[in-house]
Structures are given as C-alpha cells and as structure tokens.
Amino acid sequence: MRISLAATASLLYNISPAAPFSVVHTHTIQQHRSSTSAVHAKTFALDPTKNQLTVTPISTLSGTVTLPGSKSLSNRCLLLAALSSGKTRVENLLESDDIRYMLEALDALNVPVERDADDKTAVTVTGQAGPIDSPTPDETVELFLGNAGTAMRPLAAALCMGRGSFVLDGVPRMRERPIADLIDGLQQLGAKVSCVEETGCPPVTIHAGGLDGGKASISGKMSSQFLSSLLMASPLCNGDVTISIKDQLISAPYVSLTIGLMKKFGVSVQIEGDMDGTPSFLIGADEKYTSPTSILVEGDASSASYFLAGAAITGGTVTVRGCGSDSVQGDVAFANVMEQMGATVTWAPESITITRDPNVRLKGVDVDCGKIPDAAMTLAVAALFAEGPTTIRNVYSWRLKETERMKAIVAECTKLGATVEEFEDYCIIHPPEGNKVKDNVVIETYDDHRMAMTFALAACGGVNVIIEDPGCTAKTFPTYFEMLGSIAS
C-alpha cells in the first residue's frame, strides 16, 4: 500500500492537505511529538493537487538531529528475532513502508509480534526457535512485500528452511529487481525455489521441506543482500553450510553488519579470505539463534548523509545522533568523503558533527563508492557545489535498486545544470558554471525515496526545488522533510 501525499501530510505534519508545509524547529523527533510550539519554522510549499513539494531556498543547515532507526538493521533484527529461541524486544525500529512489509509478513506467518502501545518504534517478537513453517500446510501462503528488498531477499532464504509453500511478490519495480543469484545459491543447497526464469526477478515460489546444509558458490557483484540472506538462513539448516563468493563482493560492510548482528543473536560465522576479494563463510551445524532479550536498532547512517552533506554545502554545523565512530554501518564512511571535499568532521562514538570553514571551497573528488552505494547518491548532489568534477565509481548496483538510479541521477543532475558523463558502473559530474544550480527545477523521483531526499539538497544553492511525489520517502524516512526543515534557515 502506498501512502498518498495528502495522507502523508496530514499524518506526519498535522496540517491540512491544502495548507503550506510548515515545519517546527526541533532538536529531536521525540521533542516534536510532544510539543508543537514553533521555535523556528522553515516552510515548504505543498501542492497536493500536483503531488509536489517545493523545497524553498536553504541558506544554512545547522543544528542537531536524531536519526531514525536503520532500515537494514531493523528488518534484519525482526527476522533474526523471529528465528531465535525466546522473546526479543526490538527498540528504535524504523517507522517506514519497508519495515511495515516485514511486520505484516511475520503476522501472516503467525509469528507473534507484540506492538508497544506507548512506543511505535518498539515491538516484542516471540521467536520460533528455528525455521518458520507455513501456518497453512495445505495452502500456499502469499506474501506481498512492496518494493522492500530487505524483506524480499532474507525472507526468500529463510522460508526455504522450514516447511510449506510460499509465493513472495511485490510492486512492478520489485519484479524488475534481480534475485536469481540468491535463488541459485538456495538451489545449490537443495531448496525447491524459483523466480521468473526469463527475468531472474520475483515473484519467488517456494516449496519448502527443510535443508540439510551443504555448499553454495554465488556471485557477489550485483548485491550483498544475496549473501547476507544466505548467511542469516544458514543456521536453520541441519548441517554445516559453506558459502563462497565466486567473483567479487560489493558493499562488504553490509555483510559485516549482518555477521555482527548474527553474533548478537548467538551465531558465529567463520570467515576465510579477504572480504574485499573472494571470501568464503562457514556456519556450523551447532550454531543456533538465541534471543539477546532486547536489542536497540542503531540510527540510519544512509539517512545521516543528507544532513552531513547539507552542512558541508552550506557551511553550517550539523550533528547527527544515532551513529558515529562505533557504528556497524558502512555508510558512516560518507563523512570521510565530505572531509575529502573540504568539510571538517568530528567523530564521537554515537554521533558525527560536520561543518565547513566559509573560506574553504568544496572540491571535486574521485571516490570508489562500492561500499557506500546508497550514500553515494548524496555525493552526486554535493558535487553540484564543488570546484571541479566529481567521479563516483563502482556503483553498478545503482542500476538494480528501487529505480535505475544511474540514469535517474544523470537526468536530474542535468536538469539542475550539471554536465554528467555516464558509464556502466560510474559517472563523472561536472558542476554548473559557478556552481549556480537552476531555479524551480521539477525533480522526478521515480518512486525512489532516496531520489527525493537527495535532490531536496539542491535547495542549498539558494533556489526552489520542486520534488515530485514527496510521499515516496515513506519507504524509509517518512519524517525526512520535517527533519530537514527543523535545522534549515
């Protein structure tokens, strides 16, 4: 179910759909929920008839924001809690479409999930102490997972380990997102699972009868989620499982995140080889998930990138709370890229502060973004305000995400006045002359949350930016425009 713009506006911002988009300055979302007294307001014009939001010129981003929970960690935590023995309280869950799809799937599978009446970001999951079996053995269970890759891929693997028949499907774009490499790995382990042969994409059909273990060799070039999904499902097999990468592993920090989280749920993964090469992974037959009793979801590092880039562009000072030097998420490395461009970064265990000396210009960089593909999108907009070209390398995975992100970024940066050279797995962005982005550009968001959030930052060039379908941010960050406005002036 997509959330309409009007519904998003009235639900999140307590305004009439016809009213201006007025944002209260707060230091944290929690404070905003308890108080609506305006300390400072940045108003964005909302036009529900056109499904557009005009982000008005931003001269400075300055302040402190508390990040919502990580999408990647939220859905991983929910699944591992469901597979564990014991009850697990999961706190600081991201409130978004992707997590809602996972929760609805667990409901449909009869996994007990108790919502906290006083805290919408907390649930208690009663684990199954092993595989999830079909609640209706004589019927096929159909799960609709929207465009949530972090639900589709892990559930496809986990459900192969139990018993029953399942079909996993989603929106039209999900039917264009490859999953064949994961299916191949599961089939090597003996699973009766398939996707659409002609496309290598969902729907995924599963006839599960449990697995004994074995060896699987898969590609890691397209998405690290395939490996992460196999890893999370492996302790449910009856025997040892060895998974090897046969070519190249992209986004390795996300795999490290998965392995670290599995450790918190009592499972150790043995790693052989270099994570930046062709590693292999062994999960012993005696490894079983056990509830840690409670777990706190770290703030989303990909979401941090928008506020960090905004401070670097405008020269303001922004602190993001919820992830820092102790973070398990690879996207915190985006702060290092901003530092290369000329910003000043200060690290704390659970926060990052960024600013830029007004006498120091941002400069273009040449960066391998294979480990931070989501945050790399934010770099594309920061590049519009840099001196010289910026090259964003090793981002072929952009083409396989919520939309074809390479072509989307090239198109929208070009609208704003940049000249962009597009290659198979990288692009070179030449900023507009004098770093003057065009005014009143309508940004097509392609039903992609990150396109909306990233290109809103073009307003830091002192121009109006018109965002099509701003409600698409509900996928991972429904309160994004509220939080952006809370530190904007």
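A residue is called buried when its relative accessible area is under 20%, exposed when over 50% and partly exposed in between, computed with a 1.4 Å probe and protein chains only. The model is predicted, so that local features need pLDDT of at least 70 and side-chain atom pairs count only at pLDDT 80 or more, while totals for chains, interfaces and linings use all residues. Residues are numbered from 1 along each chain as its sequence is written, and side-chain values use heavy atoms, with hydrogens and water left out.

View 1. Alanine 333 lies in the loop between β17 (318-321) and α10, where helices (H or I, at least four residues) and strands (E, at least two) are DSSP runs numbered from the N terminus. With a relative accessible area of 28%, alanine 333 is partly exposed. Methionine 377 is 44 residues away from alanine 333 in sequence, and their C-alpha atoms are 13 Å apart in space.

**View 2. Helix α10 and its buried face.** Within helix α10 (residues 334-341), the buried residues are Phe334, Ala335, Val337, Met338 and Met341. Seen down the axis of α10, these buried residues fall within an arc of 155°, and they therefore line one face of the helix; the arc is that of the directions from the helix axis to the C-beta atoms. An α-helix has 3.6 residues a turn, so residues three or four places apart point the same way. The packing partners of the buried residues of α10 include α9 (301-314), β18 (344-348), β19 (351-355) and α11 (373-382), a contact meaning heavy atoms within 4.5 Å. Glycine 342, which follows α10, has a positive phi, near 130°.

**View 3. Helix α5 enclosed by the structure.** In helix α5 (residues 149-158), 10 of the 10 residues are buried, so this helix is largely enclosed by the rest of the structure. Among these buried residues are Met152, Arg153, Pro154 and Leu155. The buried residues of α5 pack against helices α3 (71-83), α4 (97-108), α6 (180-188) and α7 (224-233), and also against strands β9 (163-169) and β11 (201-209).

**View 4. The protein chain around these helices.** The secondary structure of the protein chain comprises 14 helices and 25 strands, and 61% of its 489 residues count as buried. Along the principal axes, the C-alpha trace of the protein chain spans about 60 × 45 × 40 Å. Of the contacts in the protein chain between residues at least 6 apart in sequence, 74% join residues at least 24 apart.
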